[in-house]
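Here are my notes for someone opening this one for the first time. Have a look at the model, then read the points in order.

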Amino acid sequence: MSDTKEKIVALADQLVRTKGYNAFSYKDISEPLSIKNAAIHYHFPAKGDLGIGVIEREIKKFNTNTNKWKHLPEDEQLNHLFEVFNTSSKKGVICLMGSLTPDYDTLPEAMQEKVQEMGNGILNWLSNCLENGRSKHLLHFEGAAYDRALLVISNLQSSLLLSRVLGRKTFTRISNQLLKDLR
């Protein structure tokens, strides 16, 4: 990926996580990067193309992380996932999935499909991690692993949203309780 294209995607990612997908324009990218809107359109003809670029970047980052973690015990893998959310909390941003969800119905169809791909990838990895951890007695919970993964990810996403309103300690309280409940 070219340096300019990567900078465009990185800034768009930041804008999606702080303002929301529908609340920014190419001007919000061109001015800080000191480039013309045409330069953005060269790489991303439509805003949906840029949105897909942001999601693909996140999927790649998630896959890179989970590949690094796969040799670790499942409780440690879970700790690393929580740390990703903790980093977002420290930065005052919400996760990409949580940010795109309110705008989902207004997104282009191809972008909706990418959001679904991202969500399914995260949930499938998390369900496998939880089930494998349970079978090794590293994690404890009742019910289906996929259902527990839904609870964990929705709580992590919500904790970032609530932290914006109630302060960063909210994330810490929620994430600590989630981990305690699984151990």
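1. Start with leucine 126, which is found in helix H7 (helices, H or I of at least four residues, and strands, E of at least two, are DSSP runs numbered from the N terminus). Leucine 126 counts as buried because its relative accessibility is 0%; buried means under 20% relative accessible area, exposed over 50% and partly exposed in between, with a 1.4 Å probe and protein chains only. Setting aside residues up to four places away in sequence, leucine 126 touches Leu78, Leu81, Ala149, Val152 and Ile153, where contact means heavy atoms within 4.5 Å. Serine 30 is another matter: 96 residues away along the chain, its C-alpha atom is separated from that of leucine 126 by 37 Å.

2. A word on what you're looking at. This is a predicted model, in which local features need pLDDT of at least 70 and side-chain atom pairs count only at pLDDT 80 or more, while totals for chains, interfaces and linings use all residues. Residues are numbered from 1 along each chain as its sequence is written, and side-chain values use heavy atoms, with hydrogens and water left out.

3. How confident is the predictor? The protein chain averages a pLDDT of 94, and 99% of the residues score at least 70; pLDDT is the predictor's confidence in each residue, from 0 to 100.

4. Now the overall picture. The protein chain has nine helices and zero strands. With a radius of gyration of 18 Å, close to the 16 Å that the globule rule gives for 183 residues, the chain is as compact as a globular protein of that length (the radius is taken over C-alpha atoms, and the rule is 2.2 Å times the number of residues to the power 0.38). Along its principal axes, the C-alpha trace spans about 55 × 30 × 30 Å. Buried residues make up 44% of the 183. Of the contacts with a separation of 6 or more, 64% are between residues 24 or more positions apart.

5. Just after H5, glycine 92 takes a positive phi of about 75 degrees.

6. Which residues does serine 88 meet? Serine 88 has its place in helix H5 and counts as buried at 11% relative accessibility. Leaving aside neighbours within four places in sequence, serine 88 is in contact with Arg17, Val93 and Leu160.

7. Threonine 66 lies in helix H4 (residues 47–69) and is buried, with a relative accessible area of 8%. A polar atom of the threonine 66 side chain lies 3.2 Å from the backbone oxygen of asparagine 63.

8. Finally, the annotation. UniProt places the feature "domain: HTH tetR-type" at residues 2–62, in an unreviewed entry; such annotations may be inferred rather than shown by experiment. In this model, residues 2–62 are 75% helix and 0% strand, and the end C-alpha atoms of the span lie 21 Å apart.

Methods:
Polar contact = N/O pair within 3.5 Å; in protein donor to acceptor, adjacent residues only side chain to side chain.
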